[in-house]
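Student: I have a structure open and would like to go through it with you. Could we take it piece by piece?

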Amino acid sequence: MITRVFVSAEITNKERVTAAQENIFIQAGSDSSKLNVDEKLLERIKTNFSEIKFTSFEFNYGNIGGFPNSNRARIVWLGVDEDGHKNISKLWQLVSEKLANFVKKDNDPFIPHITLFRLRNGSINLESLISNHTSARGISDRIDLLTVKQSTLTPLGPRYTDIITMTSK
């Protein structure tokens, strides 16, 4: 059986991020209602993941943007400031090295962000939508947990289950 799992850096300031997420949902007129891993490898992934040692750090959020671009966003994300980018990228490199035997190398550049939401159908134009919400500067957060999560797709959207969590030293 194939299980979808991914690594997540857990944030602490979820209330302010959720508020930004809901604000964009409302303005968009929307309703708020990658890895494929063989389960046999999951124990080895958990072993390697449990060896990760990292120090917690604080960062500030930055601009709001969208993939594939802000004119036709299907995924809306919240970026981080320059220091956050540097620290999260170092953490990503550490995780990538520990899990290199289990994941396919991705040639796309790593962009630290929090996915606020994904649209199942269609896209939104963030350029015209969030002129007064293009930045979340002033919202700070902290990363002190890393989690491997399982994603189960349901008709109501994905459901996430924590598999293993590592705390900073």
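This is a predicted model: local features need pLDDT of at least 70, side-chain atom pairs count only at pLDDT 80 or more; totals for chains, interfaces and linings use all residues.

Student: Let's start with E4, then. How many of its residues are buried?

Tutor: Strand E4 is mostly covered, with six of its six residues buried. Ile75, Trp77 and Gly79 point one way from the strand, while Val76, Leu78 and Val80 point the other way, and all of them are buried.

Student: In which sense do E3 and E4 pair, and over how many bridges?

Tutor: E3 and E4 pair in the antiparallel sense, over five bridges, and within that pairing Ile64 has Leu78 of E4 as its bridge partner. E4 also pairs with E5, again in the antiparallel sense and over five bridges, and there Ile75 stands opposite Arg118 of E5.

Student: And E6 with E7, how many bridges join those?

Tutor: Strand E6, residues 140-154, and strand E7, residues 157-167, run antiparallel and are joined by 10 bridges.

Student: Switching to the core: which residues have the most contacts inside the largest nonpolar one?

Tutor: The largest nonpolar core has 30 residues, and those with the most contacts inside it are Phe49, Phe59, Tyr61, Val76, Ile124 and Leu146. At least two residues of this core come from each of helix H2 (39-49), strand E3 (57-67), E4, H3, strand E5 (113-118), E6 and E7.

Student: Which of those elements gives the largest share?

Tutor: That is E3, which supplies four residues of this core.

Student: What about aromatic pairs, how many does the structure hold?

Tutor: The structure holds four aromatic pairs. One of them is formed by Phe57 and Phe59, with the centres 6.4 Å apart and an angle of 55° between the planes, and this pair is tilted.

Student: And Phe59 with Tyr61, why is that pair edge-to-face?

Tutor: The ring planes of Phe59 and Tyr61 stand at 80° with the centres 5.2 Å apart, and the pair counts as edge-to-face because planes over 60 degrees apart are classed that way. Taken together, ring pairs link Phe57, Phe59 and Tyr61 into a cluster.

Student: Now the charged groups. How many salt bridges does a search of the whole structure find?

Tutor: The search finds five salt bridges. One is between Glu43 and Lys46, where the closest N and O atoms are 3.1 Å apart. Glu43 and Lys46 are three residues apart in helix H2, so about one helical turn separates them, and Lys46 is partly exposed at 23% relative accessibility.

Student: Which parts of the chain does the Lys98 and Glu51 pair link?

Tutor: The side chains of Lys98 and Glu51 meet in a salt bridge at 3.1 Å, N to O. The pair links distant parts of the chain, with Lys98 in helix H3 and Glu51 in the loop between H2 and E3, 47 residues apart. Both ends are partly exposed, Lys98 at 27% relative accessibility and Glu51 with a relative accessible area of 39%.

Student: Which residues are linked in a network of salt bridges?

Tutor: Glu58, Arg142 and Asp144 are linked in such a network. Within it, Arg142 forms a salt bridge with Asp144, the closest N and O atoms being 3.9 Å apart. Arg142 is partly exposed at 28%, and Asp144 is partly exposed at 23%.

Student: Last one, Asp81. Where does it lie?

Tutor: Asp81 lies in the loop between strand E4 (75-80) and helix H3 (82-98), and it is partly exposed with a relative accessible area of 23%. The side chain of Asp81 reaches the backbone nitrogen of Gly84 at 2.7 Å.

Student: Leaving aside neighbours within four places in sequence, what is Asp81 in contact with?

Tutor: Beyond those neighbours, Asp81 is in contact with Phe59, Asn60, Tyr61 and Gly62. Asp81 and Ser140 are 59 residues apart in sequence, and their C-alpha atoms are 9.7 Å apart in space.

Methods
Residues are numbered from 1 along each chain as its sequence is written. Side-chain values use heavy atoms; hydrogens and water are left out. Two strands pair if DSSP finds at least two bridges between them. Buried means under 20% relative accessible area, exposed over 50%, partly exposed in between (1.4 Å probe, protein chains only). Contact means heavy atoms within 4.5 Å. A polar contact is a pair of N or O atoms within 3.5 Å; within protein, one must be able to donate a hydrogen and the other to accept it, and residues adjacent in sequence count only if both atoms are side-chain atoms. A nonpolar core is a set of buried Ala, Val, Leu, Ile, Met, Phe, Trp, Tyr and Cys residues joined through side-chain atoms within 4.5 Å. A salt bridge is a side-chain nitrogen of Lys or Arg within 4 Å of a carboxyl oxygen of Asp or Glu. Rings of Phe, Tyr and Trp (its six-membered ring) pair if their centres lie within 6.5 Å; planes under 30 degrees apart count as stacked, over 60 as edge-to-face and the rest as tilted.
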